Amino acid sequence: LVFIGMIFAALTGCQSGKIEVRKEKQNDRTEMWEISITKSLFSSTNAEYAEKCEIVNQRLTFLVDSLIKDFKTQVIDYNKAFDTIPDGQPFRPLEMFVEDSVFSANTNYISLRLKVYASLGGANGETSFYAINYDLNKKQFLSIGEILNLKQAESINKLLKDNFVNPDHCFSDLPTVANCSVLNFTDRNLCFMYGKYVLGAGACGDVAV
């Protein structure tokens, strides 16, 4: 009984909430663009876990900074194009909104999904998704193939089909592992995200299973 108790304490201790999450907000508004960023930062009072959290923070910061840089470049090019159009007036300011959702944040795994909306002068803006899944024990970022056993893709696809909600029959295709945009996970669930146009017309939007 003592041995069992020690094992139970060790297992529950792994999920003791040693990883802390705080939100950082950034805003950048000029005549040409309006950028709003809300992203998570991970930390721990434990030095070992703090170092691992910083690896995730750096990856997320690099990703967000790269997306912002690319957006600003496109906005500048968009505005320059109107210099050759007599009486042409660009839409201003163009918008970019970034936010994330944290699925897991414990001493085993960090899993988050980044949602990026950007308008670049068209009728509608576009939304993109990015996933960061990190194994703290192995100190490695995980791909979909490292989270799932892809040899069981047929069984997983059946589960996706059974759990897919399509009440208006807007989506024409079924979700599968192969066409999944990004994958995240909690202690109990997997969340498969399918971006706009992946399973149907643009009017259907994106969908999570």
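**Exercise 1. What share of the contacts with a separation of 6 or more in the protein chain comes from residues 24 or more positions apart?**

Solution. Before starting, note that this is a predicted model.
- Step 1: Take the contacts in the protein chain with a separation of 6 or more; residues 24 or more positions apart account for 53% of them.

**Exercise 2. List the helices and strands, then work out the order of the six-stranded sheet.**

Solution. Let's walk along the chain and then across the sheet.
- Step 1: The protein chain holds four helices and nine strands, and along the sequence they follow the pattern α-β-β-α-β-β-β-β-α-α-β-β-β.
- Step 2: Six strands make an open sheet with mixed pairing, in the order S1-S2-S3-S4-S5-S6.
- Step 3: Its edges are strand S1 (20-29) and strand S6 (140-141), each of which pairs on one side only.
- Step 4: S1 and S2 form a hairpin with three residues between them. These two strands run antiparallel and are joined by 10 bridges; in this pairing, Gln-26 stands opposite Ile-37 in S2.
- Step 5: S2 and S3, by contrast, run parallel, with six bridges joining them. Here Ile-35 stands opposite Met-96 in S3.

**Exercise 3. Trace helix H2 and say which strands it lies across.**

Solution. Begin at the start of the helix.
- Step 1: At that point, a side-chain oxygen of Asn-46 reaches to within 2.9 Å of the backbone nitrogen of Glu-48.
- Step 2: H2 has 35 residues and reaches 51 Å from its first C-alpha to its last, close to the 51 Å expected at 1.5 Å a residue.
- Step 3: H2 lies across S1, S2, S3, S4, S5 and S6, and runs at about 170° to S2.

**Exercise 4. Find which residues have the most contacts inside the largest nonpolar core.**

Solution. Now look at what packs between these elements.
- Step 1: This core has 27 residues, and Phe-71, Met-96 and Leu-114 have the most contacts inside it.
- Step 2: Two or more residues each come from strand S2 (33-43), helix H2 (47-81), strand S3 (94-105), strand S4 (109-118) and strand S5 (126-135). H2 gives the largest share, 11 residues.
- Step 3: Leaving out residues up to four places away in sequence, Phe-71 touches several partners, among them Trp-33, Ile-35, Met-96 and Leu-120.
- Step 4: A second, separate core has 14 residues, including Leu-148, Phe-164, Val-177 and Val-207.

Note on methods. Residues numbered from 1 in each chain as written. Predicted model: local features only at pLDDT ≥ 70, side-chain atom pairs only at ≥ 80, totals over all residues. Heavy atoms only, no water. Core = buried A, V, L, I, M, F, W, Y, C linked by side-chain atoms within 4.5 Å. Buried < 20%, exposed > 50% of the residue type's maximum accessible area, 1.4 Å probe, protein only. Contact = heavy atoms within 4.5 Å. Pairing = 2+ DSSP bridges. Axes fitted to C-alpha atoms, helices over the stretch in contact; angles between N-to-C directions. Expected span 1.5 Å × (residues − 1). Polar contact = N/O pair within 3.5 Å; in protein donor to acceptor, adjacent residues only side chain to side chain.
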